[in-house]
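These are my notebook entries on a structure that is new to me. I record what I looked up and in which order.

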Amino acid sequence: MLNNKKAQLGETLTWVVATILILVILFFFVFGSSLLGKTKDIKVYREKLTSISENSNNLDYFLSKTLYTYFQFENSKQKADFREILFGVHPSEEFLKSFDARSEEIKKRGGFK
Amino acid sequence: MLNSKKGGDKIISVYWFFILVLVAGGVFLMVSNFYGHPYDVREVEADILANQVSDCVYYGGKLNQNVFLVPEQKIFSELFANNFLEECGFTFGSVPEYYFEINFYEYPVPGNSLYEISKGDPNWKTDCELKDEGYEKLVTCVEKDFFAKNVDGTIYFIKVLSMVRKTEQNVKQ
């Protein structure tokens with residue numbers, strides 16, 4: 001009879017360990033699902049989808065408007081002064097890259113020389 | 001000896017149900033955690049609002065002349081500012097969920113605002129600066145600016161501020 005009780009104790013121990021393992025794994029999955037839920041903030045986690053920020057080389061709506069104004073200047077001195085003021089307002093390297101990248105496109109689209 | 005083994009099987013089957021309930025509870029928690037978070041698209045919405053509002057003022061390199069009461073004297077139109085929503089085809093609805101503000105400044109040195117067009121609830125403006133815990137439950141603000149040239153050669157520096165509230169639809173309460 002003592003032998004039978006030893007075998008039952010062995011089985012119970014296995015299940016205790018298994019229960020703890022299941023609880024730990026469930027905890028990680030629940031925590032993971034909570035983190036995944038927070039990625040539904042479109043601005044933070046999927047910035048390329050929004051792509052209307054001055055830090056992106058994709059479509060910048062407001063930069064396009066400024067470029068239309070820029071290309072309406074008649075001489076290069078006015079353009080240079082305007083660029084200086086513009087980059088004073090937006091001093092970042094990304095803005096300068098966006099400005100150069102979009103310039104050709106707006107020049108072509110607006111028919112500017 | 002055989003009788004003792006039968007008793008052991010009955011205890012284990014109760015334990016199986018306990019594990020089943022535990023795992024089912026875990027799955028329920030995971031699903032409710034994930035689907036309980038709504039998508040927060042307010043910044044995209046505020047960007048689109050700013051784009052549409054600015055298009056009504058300056059589009060394709062041309063400033064909307066309705067902005068002026070007397071264009072030759074550069075006198076701005078209060079009527080256009082008051083009727084901006086109707087003039088530009090916006091509908092805000094009875095419950096205020098949006099706010100936008102357009103300010104015209106001088107070029108090259110912007111001083112005080114020359115002309116302001118604003119619609120919606122302005123009381124949310126102070127919430128734009130807050131970054132404390134729970135700030136996402138307030139409004140989402142987007143500020144953009146651009147330069148516009150009038151037909152007479154005058155340049156204006158225009159700032160557009162757009163705000164979207166809609167916290168019930170976009171933020172977990």
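The model is predicted, and local features need pLDDT of at least 70, side-chain atom pairs count only at pLDDT 80 or more, and totals for chains, interfaces and linings use all residues. Residues are numbered from 1 along each chain as its sequence is written, and chains are lettered from A and ligands numbered from 1 in the order in which they are written.

**Entry 1: helix 4 of chain A**

I looked up how helix 4 of chain A is covered and found eight of its ten residues buried. The buried residues are A:Phe62, A:Leu63, A:Lys65, A:Thr66, A:Leu67, A:Tyr68, A:Thr69 and A:Tyr70. Helices (H or I, at least four residues) and strands (E, at least two) are DSSP runs, numbered from the N terminus. I then asked what the buried residues of helix 4 of chain A pack against. Their partners in chain A are helix 5 and helix 6, and those in chain B are helix 2 (42–57), strand 1 (58–59), strand 7 (140–149) and strand 8 (155–164).

I looked up the packing of helix 4 on helix 6 (residues 93–110), both of chain A, and noted an angle of about 60 degrees, with the axes 9 Å apart. Axes are lines fitted to C-alpha atoms, for helices over the stretch in contact, and angles run from 0 to 180 degrees between N-to-C directions. The two helices of chain A are therefore oblique to each other (under 35 degrees is roughly parallel, over 145 roughly antiparallel, 65 to 115 roughly perpendicular and the rest oblique). From helix 4 of chain A, A:Leu63, A:Ser64, A:Leu67 and A:Tyr68 take part, and among the residues they meet in helix 6 are A:Phe99, A:Arg102 and A:Ile106. Contact means that C-beta atoms, placed from the backbone, lie within 7 Å.

**Entry 2: the contact between the chains**

I recorded 31 residues from chain A and 34 residues from chain B in the contact. On the side of chain A that touches chain B, helix 1 of chain A gives the most, with 14 residues.

**Entry 3: chain B**

I noted five helices and eight strands in chain B, which follows the pattern α-α-β-β-β-β-α-α-β-β-β-β-α along the sequence. Of its 173 residues, 27% count as buried.

Terms used. Contact = placed C-beta atoms within 7 Å. Buried ≥ 20, exposed ≤ 12 C-beta atoms within 10 Å, placed from the backbone.
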